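Please open the model in your viewer and keep the selection tool at hand. The stops below follow one another, each with something to select and a note on what is there.

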Amino acid sequence: MAGEKRHTLVQKIGTWSFIVGIVIALGAGFFELKALIVSVLIVLGLIVGFLNVTGEETTPFLLATVSLVIVAAVGQGVLGQVERVGPILERVLTTFITFVIPATIIVACKAIYSLAAD
């Protein structure tokens, strides 16, 4: 019973970290990035990487995040050229990537460790 409650608490922390990270990343895109916001996004990304992605979700997660990082890197230049909303869209992509990359690093390291341990 105690193990189930702990597992549920860990799941809730991971889920809320993801939700809060997405909200902050989207909201922060409308303002100039500050070091505090970047730090919070990185910490939340690390929490998501440690707590949210299970072994069976690793490959789809890594594929999705790598695709996102590539598209965002290419898309930022294009979106930045759109009048008025371009810079906002560019910052939203930057903050979103700032949140996702730490989770991707953790999940990739866990996958490498899992492969090496087998």
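**Stop 1: a charged pair**

Select Glu-32, which is exposed, with a relative accessible area of 58%; exposed means over 50% relative accessible area, buried under 20%, and partly exposed in between (1.4 Å probe, protein chains only). This is a predicted model, in which local features need pLDDT of at least 70 and side-chain atom pairs count only at pLDDT 80 or more, while totals for chains, interfaces and linings use all residues. Residues are numbered from 1 along each chain as its sequence is written, and side-chain values use heavy atoms, with hydrogens and water left out.

Glu-32 forms a salt bridge with Arg-91, and their closest N and O atoms are 4.0 Å apart. A salt bridge here is a side-chain nitrogen of Lys or Arg within 4 Å of a carboxyl oxygen of Asp or Glu. The pair links distant parts of the chain: Glu-32 sits in the loop between helix 1 and helix 2, and Arg-91 in helix 4, 59 residues apart. Helices are DSSP runs (H or I, at least four residues), numbered from the N terminus. Arg-91 is partly exposed, with a relative accessible area of 21%. How many salt bridges does a search of the whole structure find? It finds one.

**Stop 2: two rings**

Now select Phe-18 and Phe-99. The structure holds one aromatic pair, and the rings of Phe-18 and Phe-99 have their centres 6.1 Å apart and their planes at 45 degrees, so the pair is tilted. Rings of Phe, Tyr and Trp (its six-membered ring) pair if their centres lie within 6.5 Å; planes under 30 degrees apart count as stacked, over 60 as edge-to-face and the rest as tilted. Phe-18 lies in helix 1 and Phe-99 in helix 4, so the pair ties together parts 81 residues apart in sequence. Phe-18 counts as partly exposed at 40% relative accessibility, whereas Phe-99 counts as buried at 2%.

**Stop 3: the core**

Next, show Thr-95, in helix 4. Thr-95 counts as buried, at 0% relative accessibility. Not counting residues up to four places away in sequence, Thr-95 touches Ala-25, Leu-26, Ala-28, Gly-29, Leu-33 and Leu-41; contact means heavy atoms within 4.5 Å.

**Stop 4: helix 2**

Select helix 2, whose buried residues are Leu-41, Leu-44, Gly-45, Val-48 and Gly-49. Seen down the axis of helix 2, these fall within an arc of 140 degrees (taken from the directions from the helix axis to the C-beta atoms), so they line one face of the helix. The face turned away from the buried side carries the exposed residues Ala-35, Leu-36 and Phe-50.

**Stop 5: a loop residue**

Finish at Arg-84, in the loop between helix 3 and helix 4. Arg-84 has a positive phi of about 65 degrees although it is not a glycine. Arg-84 is exposed, with a relative accessible area of 73%.

Key
Helices (H or I, at least four residues) and strands (E, at least two) are DSSP runs, numbered from the N terminus.
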